[in-house]
Amino acid sequence: KRAKVSGRAEFYQVQDFAIARAQFGMETALRRAIEHRDLRLAYQPICDLATGRIVSFEALARWTDKDGHEHSPTEFIAVAEESGLIVPLGRWAIEEAAQTLARWDATNGGPCGVRLAVNLSAIQLQRDAIAPVLQAALDSTGLSGDRFTLELTESAIVSDPDRIAGTMHALKALGTNLAMDDFGTGYSNLAYLQKLPIDILKIDRSFVTGMLADRDKVSIVRAILSLAQALGMRTTAEGVETHELSQTLAALGCTYGQGYFYARPLEPDAAYAMINSITAM
Ligand code: C2E
Ligand code: CA
Ligand code: CA
Ligand code: CA
(Lines give C-alpha, C1' and ligand atoms only; values in the text may rest on other atoms or scores of the structure.)
(Ligands and ions follow the chains in the order given, each with its own letter.)
Protein backbone atom coordinates (compact mmCIF):
# COMPACT_ATOMS: atom_id res chain seq x y z
CA LYS A 1 0.00 0.00 0.00
CA ARG A 2 1.57 3.30 -1.05
CA ALA A 3 1.13 6.53 0.83
CA LYS A 4 -0.48 9.21 -1.24
CA VAL A 5 1.72 12.28 -1.17
CA SER A 6 -0.52 15.28 -1.45
CA GLY A 7 0.45 18.19 0.78
CA ARG A 8 3.86 19.65 1.55
CA ALA A 9 3.85 18.39 5.13
CA GLU A 10 3.19 14.83 4.06
CA PHE A 11 5.89 15.09 1.45
CA TYR A 12 8.38 16.05 4.12
CA GLN A 13 7.16 13.25 6.38
CA VAL A 14 7.79 10.71 3.65
CA GLN A 15 11.18 12.32 2.97
CA ASP A 16 12.13 12.31 6.64
CA PHE A 17 11.12 8.70 6.93
CA ALA A 18 13.28 7.74 3.97
CA ILE A 19 16.23 9.63 5.41
CA ALA A 20 15.68 8.15 8.86
CA ARG A 21 15.55 4.64 7.39
CA ALA A 22 18.72 5.19 5.36
CA GLN A 23 20.46 6.55 8.45
CA PHE A 24 19.29 3.66 10.54
CA GLY A 25 20.72 1.30 7.93
CA MET A 26 24.02 3.10 8.03
CA GLU A 27 23.96 3.21 11.82
CA THR A 28 23.50 -0.56 12.03
CA ALA A 29 26.28 -1.13 9.51
CA LEU A 30 28.57 1.33 11.29
CA ARG A 31 27.95 -0.32 14.66
CA ARG A 32 28.96 -3.63 13.12
CA ALA A 33 32.00 -2.06 11.44
CA ILE A 34 33.20 -0.67 14.79
CA GLU A 35 32.63 -4.00 16.56
CA HIS A 36 34.42 -5.96 13.85
CA ARG A 37 37.17 -3.38 13.55
CA ASP A 38 36.41 -2.81 9.88
CA LEU A 39 37.41 0.84 10.15
CA ARG A 40 40.91 2.04 9.32
CA LEU A 41 42.86 5.20 9.84
CA ALA A 42 44.58 6.95 6.95
CA TYR A 43 47.51 9.23 7.75
CA GLN A 44 48.09 12.58 6.05
CA PRO A 45 51.41 14.40 6.58
CA ILE A 46 51.63 17.85 8.14
CA CYS A 47 54.83 19.62 7.08
CA ASP A 48 56.94 22.32 8.65
CA LEU A 49 56.78 25.06 6.01
CA ALA A 50 60.21 26.41 6.93
CA THR A 51 62.12 23.13 6.62
CA GLY A 52 59.90 20.88 4.50
CA ARG A 53 60.08 18.19 7.18
CA ILE A 54 57.08 16.10 8.15
CA VAL A 55 56.33 16.84 11.79
CA SER A 56 53.12 14.92 12.20
CA PHE A 57 50.32 13.02 10.51
CA GLU A 58 46.61 13.58 10.92
CA ALA A 59 44.75 10.30 11.46
CA LEU A 60 41.55 10.23 9.37
CA ALA A 61 38.91 7.50 9.70
CA ARG A 62 38.16 5.32 6.68
CA TRP A 63 35.39 2.77 6.21
CA THR A 64 35.22 0.44 3.22
CA ASP A 65 32.28 -1.98 2.88
CA LYS A 66 32.59 -5.67 2.05
CA ASP A 67 31.51 -4.77 -1.50
CA GLY A 68 34.35 -2.27 -1.75
CA HIS A 69 32.24 0.85 -1.30
CA GLU A 70 34.08 3.69 0.49
CA HIS A 71 31.86 5.67 2.84
CA SER A 72 32.46 9.40 3.12
CA PRO A 73 33.90 10.27 6.56
CA THR A 74 31.80 13.42 6.72
CA GLU A 75 28.67 11.25 6.38
CA PHE A 76 29.53 8.42 8.72
CA ILE A 77 30.99 10.73 11.37
CA ALA A 78 27.67 12.64 11.31
CA VAL A 79 25.77 9.36 11.74
CA ALA A 80 28.15 8.38 14.53
CA GLU A 81 27.51 11.69 16.28
CA GLU A 82 23.73 11.42 16.02
CA SER A 83 23.64 7.81 17.20
CA GLY A 84 26.20 8.04 20.00
CA LEU A 85 28.51 5.66 18.13
CA ILE A 86 31.05 8.49 18.11
CA VAL A 87 32.04 7.37 21.63
CA PRO A 88 33.28 3.88 20.67
CA LEU A 89 34.52 5.20 17.30
CA GLY A 90 36.48 7.98 19.00
CA ARG A 91 37.97 5.57 21.53
CA TRP A 92 38.94 3.22 18.74
CA ALA A 93 40.65 6.07 16.83
CA ILE A 94 42.82 6.97 19.83
CA GLU A 95 43.77 3.33 20.48
CA GLU A 96 44.42 2.59 16.80
CA ALA A 97 46.55 5.72 16.31
CA ALA A 98 48.60 4.88 19.41
CA GLN A 99 49.20 1.32 18.23
CA THR A 100 50.30 2.52 14.80
CA LEU A 101 52.71 5.06 16.28
CA ALA A 102 54.13 2.46 18.66
CA ARG A 103 54.64 0.12 15.69
CA TRP A 104 56.44 2.88 13.75
CA ASP A 105 58.73 3.52 16.74
CA ALA A 106 59.47 -0.20 17.05
CA THR A 107 60.31 -0.47 13.33
CA ASN A 108 62.52 2.60 13.66
CA GLY A 109 64.30 1.24 16.75
CA GLY A 110 63.35 4.35 18.76
CA PRO A 111 60.97 7.31 18.53
CA CYS A 112 60.28 7.83 14.82
CA GLY A 113 60.16 11.60 15.13
CA VAL A 114 56.57 12.40 14.27
CA ARG A 115 53.41 13.10 16.21
CA LEU A 116 49.94 11.85 15.38
CA ALA A 117 46.95 14.18 15.34
CA VAL A 118 43.59 12.63 16.28
CA ASN A 119 40.21 14.30 15.73
CA LEU A 120 37.81 14.72 18.64
CA SER A 121 34.18 15.46 17.88
CA ALA A 122 32.24 17.94 20.01
CA ILE A 123 29.65 15.27 20.84
CA GLN A 124 32.37 12.82 21.84
CA LEU A 125 33.88 15.45 24.15
CA GLN A 126 30.48 15.97 25.79
CA ARG A 127 29.81 12.29 26.31
CA ASP A 128 33.14 10.69 27.04
CA ALA A 129 36.12 11.37 29.30
CA ILE A 130 38.90 11.61 26.74
CA ALA A 131 41.90 12.09 29.01
CA PRO A 132 41.53 8.66 30.70
CA VAL A 133 41.06 7.04 27.27
CA LEU A 134 44.30 8.59 26.06
CA GLN A 135 46.04 7.72 29.33
CA ALA A 136 45.07 4.06 28.87
CA ALA A 137 46.42 4.11 25.29
CA LEU A 138 49.69 5.64 26.53
CA ASP A 139 49.96 3.01 29.27
CA SER A 140 49.40 0.12 26.89
CA THR A 141 51.89 1.37 24.28
CA GLY A 142 54.51 3.10 26.45
CA LEU A 143 54.22 6.25 24.32
CA SER A 144 54.44 9.68 25.90
CA GLY A 145 51.58 12.15 25.60
CA ASP A 146 53.70 14.67 23.71
CA ARG A 147 53.52 12.37 20.69
CA PHE A 148 49.87 13.36 20.18
CA THR A 149 47.96 16.36 18.99
CA LEU A 150 44.22 16.43 19.58
CA GLU A 151 42.12 18.41 17.13
CA LEU A 152 38.87 19.92 18.33
CA THR A 153 36.42 22.36 16.81
CA GLU A 154 34.89 25.57 18.05
CA SER A 155 31.50 23.87 18.35
CA ALA A 156 32.94 21.82 21.24
CA ILE A 157 33.68 25.02 23.12
CA VAL A 158 30.33 26.62 22.39
CA SER A 159 28.43 23.56 23.57
CA ASP A 160 29.88 23.31 27.07
CA PRO A 161 32.77 25.68 27.79
CA ASP A 162 33.46 24.63 31.38
CA ARG A 163 33.49 20.93 30.70
CA ILE A 164 35.67 21.39 27.61
CA ALA A 165 38.11 23.60 29.50
CA GLY A 166 38.50 20.84 32.09
CA THR A 167 39.09 18.22 29.43
CA MET A 168 41.60 20.42 27.61
CA HIS A 169 43.62 21.04 30.77
CA ALA A 170 43.58 17.31 31.54
CA LEU A 171 44.88 16.58 28.03
CA LYS A 172 47.57 19.25 28.34
CA ALA A 173 48.63 17.66 31.64
CA LEU A 174 49.38 14.49 29.66
CA GLY A 175 51.73 16.52 27.44
CA THR A 176 49.61 16.69 24.30
CA ASN A 177 49.34 19.51 21.79
CA LEU A 178 45.86 20.90 21.25
CA ALA A 179 44.75 22.21 17.87
CA MET A 180 41.64 24.23 17.04
CA ASP A 181 40.34 22.58 13.86
CA ASP A 182 38.57 24.36 10.98
CA PHE A 183 39.39 27.70 12.58
CA GLY A 184 37.35 30.56 11.19
CA THR A 185 34.26 28.54 10.34
CA GLY A 186 32.66 28.44 13.79
CA TYR A 187 30.72 31.24 15.37
CA SER A 188 32.01 31.42 18.88
CA ASN A 189 33.47 34.64 20.21
CA LEU A 190 37.23 34.86 20.28
CA ALA A 191 37.52 35.28 24.04
CA TYR A 192 38.02 31.54 24.48
CA LEU A 193 41.31 31.70 22.59
CA GLN A 194 43.15 33.36 25.43
CA LYS A 195 41.43 31.35 28.13
CA LEU A 196 42.01 27.86 26.77
CA PRO A 197 45.34 26.04 26.34
CA ILE A 198 45.37 25.98 22.53
CA ASP A 199 48.72 25.39 20.82
CA ILE A 200 47.78 25.41 17.14
CA LEU A 201 45.15 27.07 14.97
CA LYS A 202 44.25 25.05 11.88
CA ILE A 203 43.12 27.44 9.16
CA ASP A 204 40.15 25.91 7.40
CA ARG A 205 40.64 24.69 3.87
CA SER A 206 37.88 27.00 2.61
CA PHE A 207 40.18 30.01 3.16
CA VAL A 208 43.34 28.34 1.86
CA THR A 209 42.51 26.48 -1.34
CA GLY A 210 42.07 29.10 -4.03
CA MET A 211 43.34 31.98 -1.89
CA LEU A 212 45.87 33.00 -4.54
CA ALA A 213 43.00 34.09 -6.77
CA ASP A 214 41.00 35.76 -4.00
CA ARG A 215 42.22 38.84 -2.11
CA ASP A 216 39.59 38.42 0.59
CA LYS A 217 40.80 34.95 1.42
CA VAL A 218 44.38 36.19 1.63
CA SER A 219 43.20 38.88 4.06
CA ILE A 220 41.46 36.33 6.24
CA VAL A 221 44.49 34.03 6.27
CA ARG A 222 46.78 36.97 7.14
CA ALA A 223 44.45 38.00 9.95
CA ILE A 224 44.39 34.48 11.41
CA LEU A 225 48.19 34.25 11.18
CA SER A 226 48.70 37.53 13.03
CA LEU A 227 46.10 36.61 15.64
CA ALA A 228 47.89 33.32 16.25
CA GLN A 229 51.26 35.03 16.43
CA ALA A 230 49.98 37.58 18.93
CA LEU A 231 48.65 34.77 21.10
CA GLY A 232 51.82 32.67 20.79
CA MET A 233 50.14 29.88 18.83
CA ARG A 234 51.39 27.94 15.84
CA THR A 235 49.33 27.63 12.66
CA THR A 236 48.51 24.88 10.17
CA ALA A 237 47.06 25.67 6.76
CA GLU A 238 44.72 22.92 5.50
CA GLY A 239 44.03 22.27 1.83
CA VAL A 240 47.48 23.14 0.45
CA GLU A 241 47.07 21.78 -3.06
CA THR A 242 49.88 23.51 -4.98
CA HIS A 243 53.55 24.35 -4.70
CA GLU A 244 52.78 28.03 -5.08
CA LEU A 245 50.37 27.94 -2.12
CA SER A 246 52.96 26.19 -0.01
CA GLN A 247 55.53 28.88 -0.81
CA THR A 248 53.11 31.76 -0.24
CA LEU A 249 52.00 30.37 3.13
CA ALA A 250 55.63 29.92 4.18
CA ALA A 251 56.36 33.54 3.19
CA LEU A 252 53.33 34.71 5.21
CA GLY A 253 54.76 32.98 8.28
CA CYS A 254 52.38 30.05 8.58
CA THR A 255 54.03 27.27 10.62
CA TYR A 256 52.73 24.08 9.00
CA GLY A 257 51.01 22.98 5.81
CA GLN A 258 48.75 20.02 5.07
CA GLY A 259 47.17 19.06 1.78
CA TYR A 260 47.23 17.12 -1.45
CA PHE A 261 50.37 18.98 -2.59
CA TYR A 262 52.39 17.05 0.02
CA ALA A 263 50.32 13.87 0.06
CA ARG A 264 46.81 12.49 0.30
CA PRO A 265 45.86 10.54 3.43
CA LEU A 266 47.95 7.33 3.24
CA GLU A 267 47.91 3.75 4.45
CA PRO A 268 50.18 3.34 7.52
CA ASP A 269 53.10 1.73 5.66
CA ALA A 270 53.15 4.42 2.98
CA ALA A 271 52.98 7.11 5.65
CA TYR A 272 55.85 5.55 7.60
CA ALA A 273 57.95 5.41 4.43
CA MET A 274 57.54 9.19 4.00
CA ILE A 275 58.69 10.18 7.47
CA ASN A 276 62.25 11.19 6.73
CA SER A 277 61.66 12.68 3.32
CA ILE A 278 61.85 16.42 2.79
CA THR A 279 58.77 17.64 0.96
CA ALA A 280 59.12 20.21 -1.82
CA MET A 281 59.12 23.70 -0.37
P1 C2E B 1 39.04 17.54 8.86
O2 C2E B 1 39.38 17.22 10.26
O3 C2E B 1 38.98 18.99 8.50
O4 C2E B 1 40.09 16.75 7.97
C5 C2E B 1 40.66 17.25 6.78
C6 C2E B 1 39.88 16.77 5.57
O7 C2E B 1 40.37 17.43 4.41
C8 C2E B 1 40.06 15.28 5.29
O9 C2E B 1 38.85 14.82 4.71
C10 C2E B 1 41.18 15.28 4.25
O11 C2E B 1 41.20 14.11 3.46
C12 C2E B 1 40.81 16.49 3.45
N13 C2E B 1 41.95 17.09 2.75
C14 C2E B 1 43.24 17.10 3.13
N15 C2E B 1 44.01 17.79 2.28
C16 C2E B 1 43.19 18.25 1.31
C17 C2E B 1 43.40 19.06 0.14
O18 C2E B 1 44.50 19.48 -0.20
N19 C2E B 1 42.31 19.33 -0.61
C20 C2E B 1 41.07 18.88 -0.29
N21 C2E B 1 40.06 19.19 -1.09
N22 C2E B 1 40.83 18.13 0.82
C23 C2E B 1 41.88 17.82 1.62
P24 C2E B 1 38.19 13.45 5.17
O25 C2E B 1 39.24 12.43 5.44
O26 C2E B 1 37.13 13.15 4.14
O27 C2E B 1 37.50 13.78 6.54
C28 C2E B 1 36.43 14.67 6.61
C29 C2E B 1 36.13 15.07 8.03
O30 C2E B 1 35.64 13.95 8.77
C31 C2E B 1 37.35 15.56 8.79
O32 C2E B 1 37.62 16.90 8.46
C33 C2E B 1 36.86 15.38 10.22
O34 C2E B 1 36.05 16.45 10.61
C35 C2E B 1 36.01 14.13 10.11
N36 C2E B 1 36.78 12.97 10.58
C37 C2E B 1 37.58 12.12 9.89
N38 C2E B 1 38.08 11.17 10.70
C39 C2E B 1 37.61 11.41 11.95
C40 C2E B 1 37.77 10.78 13.22
O41 C2E B 1 38.50 9.79 13.43
N42 C2E B 1 37.08 11.36 14.28
C43 C2E B 1 36.30 12.46 14.12
N44 C2E B 1 35.67 12.96 15.20
N45 C2E B 1 36.15 13.08 12.94
C46 C2E B 1 36.80 12.56 11.86
CA1 CA C 1 41.01 17.61 11.66
CA1 CA D 1 40.19 20.57 9.60
CA1 CA E 1 37.91 21.09 7.41
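This is a predicted model: local features need pLDDT of at least 70, side-chain atom pairs count only at pLDDT 80 or more; totals for chains, interfaces and linings use all residues.
Residues are numbered from 1 along each chain, chains are lettered from A and ligands numbered from 1 in the order written, and side-chain values use heavy atoms, without hydrogens and water.

User: Which residues are the protein donors of the calcium ion (ligand 2)?

Analyst: Donors are N, O and S atoms within 2.8 Å of the metal (3.2 Å for Na, K and Ca); water is not among the atoms, so sites may look incomplete. The donors of this ion lie 2.2 to 2.3 Å from it. Their spacing along the chain is E-x60-N-x31-E-x29-D. They are Glu58 (OE), Asn119 (OD1), Glu151 (OE) and Asp181 (OD).

User: How many residues apart are Glu58 and Asn119?

Analyst: Strands (E, at least two residues) and helices (H or I, at least four) are DSSP runs, numbered from the N terminus. Glu58 is in strand E2 (residues 54–64) and Asn119 in strand E4. The pair links distant parts of the chain, and the separation is 61 residues.

User: Is Asn119 buried or partly exposed?

Analyst: Buried means under 20% relative accessible area, exposed over 50%, and partly exposed in between (1.4 Å probe, protein chains only). Glu58, at 6%, is buried. Asn119 has 27% relative accessibility, so the term for Asn119 is partly exposed.

User: Which residue bridges the calcium ion (ligand 3) and the calcium ion (ligand 2)?

Analyst: The two ions lie 3.7 Å apart. The calcium ion (ligand 3) is coordinated at 1.7 to 3.1 Å by Asp181 (OD), Asp182 (OD), Glu238 (OE) and Glu238 (OE). The residue that bridges both ions is Asp181.

User: Why does the pair Asp181 and Glu238 tie together parts of the chain, and how many residues apart are they?

Analyst: The donors of the calcium ion (ligand 3) follow the spacing D-D-x55-E. Asp181 lies in strand E6 (residues 177–183), while Glu238 lies in the loop between strand E8 (234–237) and helix H11 (243–251), so the pair ties together parts whose separation in sequence is 57 residues.

User: Which residues are the protein donors of the calcium ion (ligand 4)?

Analyst: One of them, Asp182, bridges this ion and the calcium ion (ligand 3), with 3.2 Å between the two ions. Asp182 is partly exposed at 26%, and Asp204 is buried at 12%. The donors, 2.5 to 3.0 Å from the ion, are Asp182 (OD) and Asp204 (OD).

User: What share of the area of ligand 1 does the protein bury?

Analyst: A polar side-chain atom of Arg205 lies 2.9 Å from an oxygen atom of ligand 1, and a backbone N or O atom of Ala61 lies 3.0 Å from a nitrogen atom of ligand 1. Taken alone, ligand 1 exposes 800 Å² (Shrake-Rupley method, 1.4 Å probe). The share buried by the protein is 83%.

User: Which side chain makes a polar contact with the side chain of Ser121?

Analyst: Ser121 sits in the loop between strand E4 (115–119) and helix H4 (122–127). Ser121 is buried, at 9% relative accessibility. A polar contact is a pair of N or O atoms within 3.5 Å; within protein, one must be able to donate a hydrogen and the other to accept it, and residues adjacent in sequence count only if both atoms are side-chain atoms. At 2.9 Å, the partner is Glu81.

User: Which side chain does Gln258 join through a polar contact?

Analyst: Gln258 is in the loop between strand E9 (256–257) and helix H12 (268–274). Gln258 is buried, with a relative accessible area of 3%. The polar contact spans 2.8 Å, and the partner is Lys202.
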